[in-house]
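Here is a short report on one protein chain. Have the sequence and the model open while reading.

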Amino acid sequence: METLPARARVYVACAALAAALCLLPLHSAHPPWWAVALLAALYAGGGRVAARGRLSGTFYPVLLAGAFLLPAPAAALVAVPGALLGPVGRRPRGPRRLWRASQLVLAVSAAAGVYGALGEPDAVTASEFPRALAAAGAAVVAFCLVLTLLDGGILALAERVPARRAWRGLYLRSLAPIAVHGLAGLMMAVLWHSPYGPVAALLVLLPMWVSWWVFAQYHREHAAHQATIRALVQAVDIKDGYTRGHSERVGHASMMIARELGLDDERVEVLRFAGILHDVGKLGVPTRLLRKDGPLTPEERRIIELHPEYGHEMVRGISFLGEARAAVLHHHERLDGSGYPYGLRGSQIPEPARVVAVADAFDAMTSTRSYSRARPVQVALRELQRCAGSQFDPRMVTALVRAVRRFGWHPAVTADEAGAPPPRPPVSSVPGAHR
């Protein structure tokens, strides 16, 4: 949403209009304004703290407590100050703030409406948990549904994510954490009406604060992981200029294969790491060999073929990489056992290595190098299919072919086309495969 497309602006404007309509009945709702102000201040202040920890959506318990305590228009109003005044990390900031406020107003209105429609507002006051819990559960489902519907729409329109992917899995991933927030919000509402009053309700947030702090540490650790990977990849790109950008593209192609195979998000991320870091061992190979224009001697080829082992030595102590480390070591193995460094065959080759091998060869063939010119995408795919079963895992090749046909591929030139020397024989049997 750096530059918001016109259709996305229309979508945001429609959401803002719908949110304004939800707030219109405020004049006849006669809510306790002190409660609205207290919850709004708590949500806005909590949002500031969450932003410093790079978290989002962490004060949903306050919004859901408002949905259980207040009329729908007043509950929706609780979200507005924090959403409009809160920090925004990316441009355009105005539309982003308006979008966030509109989205929350619609979601809270839906939750409060469902809760009220079930005729259970008095259940919180009377602390009748079975009744209150059922009504609150329905309200949480409505809240999550509205958020995910709106989120998927903005992803499709503003970020141009394909419609079939924009909503895929979004609701199920959101429901569990929002359900926990809903339970905390219900406890706040119950304690609000207890003899101890709103102060006791605020105590519910203390354990939530602890979990948010832990989650913030996780985010910081994840950012450190990404920085580590970027530093290693940049070092490889500087050393081997002909393959600049290759690591990122192999990571992207590996991710496309993983998604086509239906792997879960965690494994998709691991395979992206594997693709990005597969050539990190080139840091241990003499630069003159990586940039040599002429044919390699047998001795030079043996030195270059050590780069998977060098890479594995470099990353084996990085625990968060998990099975990506096996891909770094084995991405040049072949199904028929003629690969290196250990001559593994068939299922002996770890699955991540079989994914990266296909992604690596595909990008090598569709990029211009010191020893070969780029081939058209369709030619590269046919070459992979020809070598499936002997060099590459047919499942991985089929997955890449399907993914490229569905989403396309935009190869980048990684050498000076005008001044590139004549092609030299590649190491691999696949034309264009890199050293």
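At roughly what angle do the axes of helix α21 and helix α22 cross? The angle is roughly 160°. Helix α21 covers residues 377–387 and helix α22 covers residues 394–407, and their axes come within 10 Å. Angles over 145 degrees count as roughly antiparallel, so α21 is roughly antiparallel to α22. The crossing of α21 and α22 is left-handed. From α21, the contact uses V377, L381, L384 and Q385. From α22, it uses V397, L400, V401, V404 and R405. By class, that contact has seven nonpolar residues, one polar and one charged.

**The chain as a whole**

This is a predicted model. The chain has 22 helices and zero strands. It holds 435 residues, and buried residues make up 49% of them. Take the contacts between residues at least 6 apart in sequence: 72% of them join residues at least 24 apart. The accessible surface of the chain comes to about 19700 Å². Carbon and sulfur atoms account for 62% of that surface.

Helix α4 (residues 60–69) meets helix α11 (residues 170–192). Their axes come within 7 Å and cross at roughly 50°. The crossing of α4 and α11 is right-handed. On the α4 side, the contact is made by Y60, P61, L64, A65, F68 and L69. On the α11 side, the residues are I178, H181, G182, A184, G185, L186, M188, A189 and W192. This contact of α4 with α11 divides into 12 nonpolar residues, three polar and no charged.

| Residue | Relative accessible area | Class |
|---|---|---|
| V199 | 61% | exposed |
| S254 | 0% | buried |
| P5 | 10% | buried |

Start with V199. This residue is found in helix α12, residues 198–203. Is V199 buried or exposed? V199 is exposed, because its relative accessible area is 61% and the class begins over 50%. V199 and M188 are 11 residues apart in sequence. Their C-alpha atoms are 9.6 Å apart in space. M188 also belongs to the α11 side of the contact with α4.

Next comes S254. It lies in helix α14, residues 246–260. S254 has a relative accessible area of 0%, so it is buried. Which residues does S254 touch, not counting those up to four places away in sequence? They are L271, G275, V355, V356 and A359.

Buried means under 20% relative accessible area, so P5, at 10%, counts as buried. Leaving aside neighbours within four places in sequence, P5 is in contact with L157, A158 and R160. How far apart in sequence are P5 and L157? They are 152 residues apart in sequence, but 7.5 Å apart in space, C-alpha to C-alpha.

Technical notes: Residues numbered from 1 in each chain as written. Predicted model: local features only at pLDDT ≥ 70, side-chain atom pairs only at ≥ 80, totals over all residues. Heavy atoms only, no water. Axes fitted to C-alpha atoms, helices over the stretch in contact; angles between N-to-C directions. Helix = DSSP H or I, 4+ residues; strand = E, 2+ residues; numbered from the N terminus. Parallel < 35°, antiparallel > 145°, perpendicular 65-115°, else oblique. Left-handed = near helix turned anticlockwise from the far one by under 90°. Contact = heavy atoms within 4.5 Å. Nonpolar A, V, L, I, M, F, W, Y, C, P; charged D, E, K, R; others polar. Buried < 20%, exposed > 50% of the residue type's maximum accessible area, 1.4 Å probe, protein only. Areas by Shrake-Rupley, 256 points an atom, 1.4 Å probe, with all protein chains shown as cover.
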